[in-house]
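Here is a briefing for a reader who is meeting this structure for the first time. Keep the sequence and the 3D view at hand while reading.

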Amino acid sequence: MLTAVLLIVSLTARHTFSLEWKFPNDFKLGVATASYQIEGAWNTDGRGASIWDTFTHNRSVLIKDGSNGDVACNSYYKWEEDVEMAKNLGVDSYRISLSWSRILPDGTTRKINQPGVDFYNRLINKLLENDIEPIVTLYHWDLPQKFSAWGGWTNPAVINYFAHYARTAFGLFGDRVRTWITLNEPRLICQAYKGLVGDVTSDFPLGTSEYMCAHNLLKAHAEAYHIYDKEFRRTQKGKISITLDFTWTEPANSSNPDDVRAANQNIQFDFGIYANPIMKFDYPKVVIDRVAQRSRLENFPESRLPKFTLAEKLRIKGTYDYIGINHYITLYGRSSPEPPISDPHIDLDAAGERFSNPNWEGCAAYWIKIVPWGLRNLLKWIKNTYRNPEILITENGYANAGDELEDDGRIRYYRSYLNATLQAILEDGVNVKGYLAWSIMDNFEWTHGYTLKFGLYHVNFTDPNRTRTPRKSVEYFKNVTRTRTVG
Ligand code: GBH
């Protein structure tokens, strides 16, 4: 009786918690990390420098607390403890990224750094011994420094170096890795952290280098996919795709067609620009048309958005076995007058206005609010737009600012987003295959340094031992993995 009532309530009210509902048996419940944010040992055992080493060392004023990832969580040494934490959480998957320059110090296959390879072998093997699937990202922003002088990802020469690195990684680890991610959040690689993409690019006007970078990343991803497909898939039998960040933009007034158009345009400029060439064909039409039109008015000789040849469009199309999604942000979008022609900027190309709702519960990261229906809506949108692909939620998480261990906000956050995921699967028929929490432990949060703490486990960054302590949310997450419900 109670079950029936609960079921009816959850079927009718969209924000109800579906307490009775379980994650499917093959659904991955895991946690996520990234090399530069946790490993430390930045110049140990032959590791080459990456652009984040150089950036944090030379431009520490741009990091909130002046810090860097030199030591970070010291996971290069504390990896066994990390695996124990994952085991304690009861997760079945653990997302890591490989530091390209730890394996190939100058980014090229001229020299393979054996101690770096040994490190990842130890970690991957330990995870497998504990029945935890390693989910491996090839590139989570730490480009080998050597490529910086060439303009980093704005230089198409980097594409093949990445492809050779990918082949090396599949060859070294692919016998034990079943889920690969080529690139983490290409949009952020190209748009955030200006002056990092090789200082050369900061001389280009905004609204140009972003598109050059995006263009090269899409090609690099496709090359890695095809190498896997042709040379490794038959024997290794894994899946490979890309992880895109998805800011859900909800029309401010969904009965106003202009708001609907503006919201969609923002989604196409953030997400479609990467998803469309991979899951459909070429850049989204609205992106092609708007950049071409504004470029003309700005007196550029041709569109600031590079063009793919037909062969390139075909080579990029279909290069996904699932789609990886990092989700943190929901905003409202509404139409606004066409921005006047001045200096180019991708935001002007996208146009429209986006805003948050001050009533949404927030957290220490100003851009993160608890808006679980945003995740549900974007999952439905992906299902409908790209013919129901497999989706892996590769990141979703909440930040504290202080050292508190009582993180009820994080528990509310995970509970509501896991619930939204369950609703998307069970009520909307979205093909979501897993959910990875960002992050298992506090770590180096890029330009926010150690001031924002995303961990289920707290890390003491003033203690040379980088002691890890479970927050209250660890108990919550253990309950999720044990019962396979949102609790
Ligand atoms: C993800 O990217 C990353 O994949 C992961 O490495 C990161 O730790 C996680 O999110 C949590 O942030 O104040 O100007 O920097 C999201 C990157 C960076 C996007 C911060 C929003 C806020 C604007 N996020 N950014 S700013």
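Contact here means heavy atoms within 4.5 Å. The model is predicted. By that contact rule, and leaving aside neighbours within four places in sequence, Ala86 is in contact with Val91, Tyr94, Ile132 and Ile440.

**Ala86**

- Ala86 sits in helix α4, which spans residues 75–89.
- Its relative accessible area is 0%, so Ala86 is buried.
- Thr481 is 395 residues away from Ala86 along the chain, yet the C-alpha atoms of the two are separated by 11 Å.

**The barrel**

- Eight strands close into a barrel. Their order is β1-β2-β3-β4-β5-β7-β10-β11, and the pairing is parallel.
- On average, neighbouring strands of this sheet are turned by 25 degrees against each other, direction ignored.
- Strand β3 covers residues 133–139 and strand β4 covers residues 179–184. Four bridges join these two parallel strands.
- Which residue of β4 is the bridge partner of Ile135? The partner is Thr179.
- Helix α10 lies across β5 (239–245) and β7 (323–326). The helix runs at about 160 degrees to β5.

**The open sheet**

- Strands of a sheet pair through backbone hydrogen bonds, either parallel or antiparallel.
- Three strands form an open sheet, in the order β6-β8-β9. Here the pairing is mixed.
- Strands β6 (248–251) and β9 (353–355) are the edges, and each pairs on one side only.
- From one strand to the next, the twist averages 40 degrees.
- β6 and β8 (residues 330–334) run parallel and are joined by four bridges.
- Trp248 has Thr330 as its bridge partner in β8.
- Helix α10 (residues 257–279) packs on this sheet and touches β6, β8 and β9. Its direction makes about 170 degrees with that of β6.
- Helix α14 (residues 372–385) also packs on the sheet, touching β6 and β8. The direction of α14 makes about 90 degrees with that of β6.

**The nonpolar core**

- In soluble globular proteins, nonpolar side chains tend to be buried together.
- The largest nonpolar core holds 146 residues. Which of them touch the most other members? They are Leu98, Trp153 and Trp180.
- Helix α9 (residues 209–236) gives the largest share of this core, 12 residues.

**Cysteines**

- How many disulfides does a search of the whole structure find? The search finds one.
- This disulfide joins Cys190 to Cys213, with 2.1 Å from S to S.
- The torsion about the S-S bond is about -80 degrees, so the disulfide is left-handed.
- Cys190 lies in helix α8 (residues 186–191) and Cys213 in helix α9, so the pair ties together parts that are 23 residues apart in sequence.
- Both Cys190 and Cys213 are buried.
- Cys73 is in no disulfide. The nearest cysteine sulfur to Cys73 belongs to Cys363, 18 Å away.
- For Cys363, the closest cysteine sulfur is that of Cys73, and 18 Å is too far for a bond. A disulfide needs sulfur atoms within 2.5 Å.
- Are these two cysteines buried or exposed? Cys73 is buried, with a relative accessible area of 0%. Cys363 is also buried, with a relative accessible area of 19%.

**Lys313**

- Lys313 is part of helix α12, residues 310–316.
- Why does Lys313 count as buried? Its relative accessibility is 18%, and buried means under 20%.
- The side chains of Lys313 and Asp282 are joined by a polar contact of 3.4 Å.
- Not counting residues up to four places away in sequence, Lys313 touches Phe281, Asp282 and Phe308.

Definitions and conventions: Residues are numbered from 1 along each chain as its sequence is written. This is a predicted model: local features need pLDDT of at least 70, side-chain atom pairs count only at pLDDT 80 or more; totals for chains, interfaces and linings use all residues. Side-chain values use heavy atoms; hydrogens and water are left out. Two strands pair if DSSP finds at least two bridges between them. Axes are lines fitted to C-alpha atoms, for helices over the stretch in contact, and angles run from 0 to 180 degrees between N-to-C directions. Buried means under 20% relative accessible area, exposed over 50%, partly exposed in between (1.4 Å probe, protein chains only). A polar contact is a pair of N or O atoms within 3.5 Å; within protein, one must be able to donate a hydrogen and the other to accept it, and residues adjacent in sequence count only if both atoms are side-chain atoms. A nonpolar core is a set of buried Ala, Val, Leu, Ile, Met, Phe, Trp, Tyr and Cys residues joined through side-chain atoms within 4.5 Å.
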